[in-house]
Amino acid sequence: MNSTEKYAIVIGGSLGGLFSGIMLRLIGWQVDIYERSQHALDSRGGGIVLQPDVIEAFQRAGIPVDSLGVIAQERYYLNRDGSIKMRMPMRQTLTSWNMLYGSMRRHFPVEHYHTGKRLTDIQQTNEEVTAIFADGTSVTAALLVGADGPGSTVRQLLLPTYHYHYAGYVGYRGLVDEADLDPATAALFTERFVFFQFPNSHILQYLVPGENESLVPGERRFNWVWYVNYDETTELPQILIDKEGRRRDYSVPPGFLAFTVEQEMRSYADAVLAPPFQKLVAATKEPFVQAILDLGVPQMIFGRVALVGDAAFIPRPHTAASTSKAAANAIALADALLEQNHQVPEALNAWEPDQLKLGMHLWKTGQDLGERSQFVHGTKRFNGATTMGQV
């Protein structure tokens with residue numbers, strides 16, 4: 001294979017992989033995406049704040065952007081009794097992982113999206129790069145994009161000493177159908193970004209598209225995220241053991257949270273949250289949890305391999321930038337290839353500096369926001385129930 005041939009392998013079939021695959025196809029490349037999961041991806045992460053880089057990627061791809069989410073016109077900050085402490089005008093579009101994923105999957109050829117393909121090795125020469133999979137198959141191309149998320153196999157192969165680190169707290173999350181919340185609480189939360197803050201913690205909510213990407217009022221969902229501190233050694237391992245007894249790496253998906261963990265979370269919510277958020281948590285049928293992680297890498301290119309999205313940098317969710325960073329990486333990669341006449345080494349060398357700068361900025365910004373939110377009063381939880389610990 002000649003290095004000028006425009007064929008790329010993308011490892012990872014979530015949002016980062018789809019952004020990369022779609023952007024590369026737009027500049028005339030043939031692309032195959034390889035996803036390790038054998039099952040359809042669904043409901044990963046719940047809500048997402050729609051950012052300009054995502055809109056640009058969709059517009060370039062010809063994907064409609066006029067109905068991607070729910071518009072919030074303002075922010076509310078609540079007092080402990082549930083009354084409004086502060087109002088702030090701020091127009092934002094709130095979407096969901098499912099909405100973005102579904103929109104992009106429909107714009108990527110199904111015959112070039114492969115599931116159940118677990119990468120085991122990468123081999124490359126000056127002219128080509130080969131991905132080797134656990135089933136014994138291999139694929140060779142001019143470019144390989146590692147878009148396989150926090151637990152990236154591509155990163156582990158190329159930077160074996162760089163791993164994500166636990167930030168000291170988790171994000172409990174949930175989705176509640178509009179119809180499942182009492183009218184008064186729903187009225188407070190509808191089409192607003194609402195926060196409740198207390199020492200070493202905060203919870204937020206916003207409305208997102210509902211089942212089947214519906215934006216019809218009454219069919220949407222309230223999405224919430226609650227940041228709670230847990231000690232890495234004595235507490236986190238229990239949180240990440242799911243209801244089947246399996247230890248998860250960094251998140252437990254909807255429907256798999258262990259009963260005792262879920263009950264302790266609900267008890268803690270009743271003890272510390274403002275009443276509207278207590279009602280929101282109580283109405284949540286299948287809460288889930290993700291450990292908040294930190295990751296930064298010193299380089300993003302390795303010959304003909306590029307790391308993108310959370311495979312390279314994991315910004316904490318307070319930045320609302322993880323998805324937009326993956327889009328920005330993909331847009332810039334396609335632009336660099338065009339500018340360098342599709343010469344991969346030259347394009348990657350031109351692409352990397354700004355992407356490292358972006359990743360480092362978001363990584364550090366997220367850490368600063370997290371420190372102010374979670375650790376001003378030490379590292380433990382505030383005023384919790386007996387089973388959850390106290391400051």
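Trainee: Is Asn200 buried or exposed?
Mentor: Bear in mind that this is a predicted model, and that the value here is computed from it. The relative accessible area of Asn200 is 4%, and the cut-off for a buried residue is under 20%. Because 4% falls under that cut-off, Asn200 counts as buried.

Trainee: In which loop is Asn200 found, and what is its phi?
Mentor: Asn200 sits in the loop that runs between β12 (192–198) and β13 (201–208). Although Asn200 is not a glycine, its phi is positive, at about 65 degrees.

Trainee: Asn212 has a positive phi as well; is Asn212 buried or exposed?
Mentor: Asn212, a residue other than glycine, has a phi near 55 degrees, and its place is in the loop between β13 and β14 (221–229). Its relative accessibility is 73%, while the cut-off for exposed is over 50%. Because 73% is over that cut-off, Asn212 counts as exposed.

Trainee: Which residues have the most contacts inside the largest nonpolar core?
Mentor: The largest nonpolar core has 70 residues, and its largest share, eight residues, comes from helix α9 (residues 322–339). Leu143, for its part, touches residues including Tyr7, Ile9, Val129, Leu333 and Leu348, when residues up to four places away in sequence are not counted. The residues with the most contacts inside this core are Phe19, Trp29 and Leu143.

Trainee: Which residues does Ala334 touch, not counting residues up to four places away in sequence?
Mentor: Ala334 belongs to helix α9, and with a relative accessibility of 2% it counts as buried. Its C-alpha atom is separated by 43 Å from that of Glu244, which lies 90 residues away along the chain. With residues up to four places away in sequence left out, Ala334 touches Met23 and Ile27.

Trainee: And which residues does Ser20 touch, on that basis?
Mentor: Ser20 is part of helix α1 (residues 15–26), and it is buried, with a relative accessible area of 2%. Not counting residues up to four places away in sequence, Ser20 touches Val10, Val145, Val308 and Ala330.

Trainee: How do the residues of the contact of α2 with α9 divide?
Mentor: On the α2 side the contact is made by Asp53, Val54, Glu56, Ala57 and Arg60, and on the α9 side by Thr323, Ser324, Ala327, Ala328, Ile331 and Asp335. They divide into five nonpolar, two polar and four charged.

Trainee: How is α7 oriented to α8?
Mentor: The axes of helix α7 (residues 259–272) and helix α8 (residues 275–282) come within 9 Å and cross at roughly 160 degrees. Because angles over 145 degrees count as roughly antiparallel, α7 is roughly antiparallel to α8.

Trainee: Which residues of α8 make the contact with α7?
Mentor: The crossing of α7 past α8 is left-handed, and α7 contributes Met265, Arg266, Ala269 and Asp270 to the contact. From α8 come Gln278, Val281 and Ala282.

Terms used
Residues are numbered from 1 along each chain as its sequence is written. This is a predicted model: local features need pLDDT of at least 70, side-chain atom pairs count only at pLDDT 80 or more; totals for chains, interfaces and linings use all residues. Side-chain values use heavy atoms; hydrogens and water are left out. A nonpolar core is a set of buried Ala, Val, Leu, Ile, Met, Phe, Trp, Tyr and Cys residues joined through side-chain atoms within 4.5 Å. Buried means under 20% relative accessible area, exposed over 50%, partly exposed in between (1.4 Å probe, protein chains only). Helices (H or I, at least four residues) and strands (E, at least two) are DSSP runs, numbered from the N terminus. Contact means heavy atoms within 4.5 Å. Axes are lines fitted to C-alpha atoms, for helices over the stretch in contact, and angles run from 0 to 180 degrees between N-to-C directions. Angles under 35 degrees count as roughly parallel, over 145 as roughly antiparallel, 65 to 115 as roughly perpendicular and the rest as oblique. A crossing is left-handed if the near helix is turned anticlockwise from the far one by less than a right angle, and right-handed if clockwise. Ala, Val, Leu, Ile, Met, Phe, Trp, Tyr, Cys and Pro count as nonpolar, Asp, Glu, Lys and Arg as charged, and the others, Gly among them, as polar.
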